[in-house]
Amino acid sequence: MERDLAVVPSLLLLLLLHFAVDCNGSKVGVCYGRNADDLPTPDKVAQLVQLHSIKYVRIYDSNIQVIKAFANTGVELMVGVPNSDLLPFSQYQSNVDTWLKNSILPYYPATMITYITVGAEVTETRDNVSALVVPAMVNVLAALKKAGLHKRIKVSSTHSLGILSRSFPPSAGALDSKYAYFLKPMLEFLVENQSPFMVDLYPYYAYRDSPSNVSLDYALFSPSASDVIDPNTGLVYTNMFDAQLDSIFFALMALNFRTLKIMVTESGWPNKGAAKETAATPDNAQTFNTNLIRHVINDAGTPAKPGEEIDVYIFSLFNENRKPGLESERNWGLFYPDQTSVYSLDWTGRGNVDIVTGANITSSNGTWCVASSNASDADLQNALNWACGPGNVDCSAIQPSQPCYQPDTLASHASFAFNSYYQQNGATDVACNFGGTGLKTTKDPSK
């Protein structure tokens, strides 16, 4: 097939952006909690997020300074309606209309707000505000409809795994009947409006609270973990995250909500804990989050839904020194308040990139390798064949119907393979040669 190499310069921006996390169907974001008195200003946080090419951020309220800070950054923002606002939001439509007018509309679409979460883990709160959630969601949706944004901004609410009465084995997953009075109308609302069911999943707590039943390897996605077989389905589970997620899948399917998309709005691992929290270490946090990102980016899905796209938000951007509870509660951060990394984390899911250096997720040293516009089709094809063969590059993403297949040009596919090989092999000059068909660039095209 003839390919037009003249399109290479105009495609550089697009194809290199394809190397980022967005290239795949599933998305990895970060939760930006602010229950601390030592955090950087929102402007600096937005810069930090951009520096590390994080494309999705969740906040827990609608703080105007934070929303303004993410304007024109390309970062998609999930904003929250706190539980403390559920009463006024559920009582009067005018309250919600005023909130949308003052807190959202002036900053949209410069700030790319894509979700509004109404309430957070309401079943875990001391005050019984569960009954207020759906009425508040209905009013938020009505306000968005008046503004013509109901198809651009989705409305949902987040839940803990505590909404289940049973979670093991996964196939026996069942929603707790005592929450049916508000969960059933909420599920109907989500299906009708094509919004995701949002849940916070923490294998760390499963291990910490029951180490005799849950192995650390199983909680951390370790390859050495012993498999767990669901006796009802025969499905084989290699990690706790999949088991927790499938328990939600099965619970929803039992109520005939099998088409509802599930989004994981929190998951992670603490980097420090109290004396009894021996598993809360930087090494374990790094292992869990690295494996989680790889699992998500590879679109592995779960045993019950293999290949299913799953969006996950990692908790949390910073350690939060004002959070109550055990020591671990204040130490879930990826970054210290001075914006240095608590541990290195690979956002690509493909290798180890030290984010302490401020490297972009597509680059380990501020350089990239792409196909040269001067290369012939034959030479490019030979180099691509080598990279995807003897070069051991995983080229599955550029196969037909896969996330990085488009744009379907030899230059685009070769650049994907060249850059993958280059980054995996030390980003040296030799690693970007490809018989003279590779070209190094120092300009980050995602900026």
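Which residues in H12 meet which residues in H13? That was my starting point in this predicted model.

**Entry 1: H12 and H13.** I began by finding the two helices: H12 covers residues 377–388 and H13 covers residues 410–424. From H12, I listed Asp-377, Leu-380, Gln-381, Ala-383, Leu-384, Trp-386, Ala-387 and Cys-388. Their partners in H13 are Leu-410, Ala-411, His-413, Ala-414, Ala-417, Phe-418 and Tyr-421. Sorting the residues of this contact by class gave me twelve nonpolar, two polar and one charged. Next I looked at the geometry: the axes come within 9 Å and cross at roughly 40°. That angle makes H12 oblique to H13. I also noted that the crossing of H12 past H13 is left-handed.

**Entry 2: H5 and H6.** I then turned to helix H5 (residues 93–104) and helix H6 (residues 130–146), whose axes come within 9 Å and cross at roughly 55°. H5 and H6 are therefore oblique to each other. Here H5 passes H6 in a right-handed crossing. On the H5 side I found Gln-93, Val-96, Asp-97 and Leu-100, and they meet Asn-139, Val-140, Ala-142, Ala-143, Leu-144 and Lys-146 in H6. This contact has six nonpolar, two polar and two charged residues.

**Entry 3: the whole protein.** Stepping back, I counted 13 helices and 14 strands. Of the 447 residues, 55% are buried. I looked up the contacts with a separation of 6 or more, and 70% of them join residues 24 or more positions apart. Last, I noted an accessible surface of about 19,000 Å², with 51% of it belonging to carbon and sulfur atoms.

Key. Residues are numbered from 1 along each chain as its sequence is written. This is a predicted model: local features need pLDDT of at least 70, side-chain atom pairs count only at pLDDT 80 or more; totals for chains, interfaces and linings use all residues. Side-chain values use heavy atoms; hydrogens and water are left out. Axes are lines fitted to C-alpha atoms, for helices over the stretch in contact, and angles run from 0 to 180 degrees between N-to-C directions. Helices (H or I, at least four residues) and strands (E, at least two) are DSSP runs, numbered from the N terminus. Angles under 35 degrees count as roughly parallel, over 145 as roughly antiparallel, 65 to 115 as roughly perpendicular and the rest as oblique. A crossing is left-handed if the near helix is turned anticlockwise from the far one by less than a right angle, and right-handed if clockwise. Contact means heavy atoms within 4.5 Å. Ala, Val, Leu, Ile, Met, Phe, Trp, Tyr, Cys and Pro count as nonpolar, Asp, Glu, Lys and Arg as charged, and the others, Gly among them, as polar. Buried means under 20% relative accessible area, exposed over 50%, partly exposed in between (1.4 Å probe, protein chains only). Accessible areas come from the Shrake-Rupley method with a 1.4 Å probe; for residues, only the protein chains shown count as cover.
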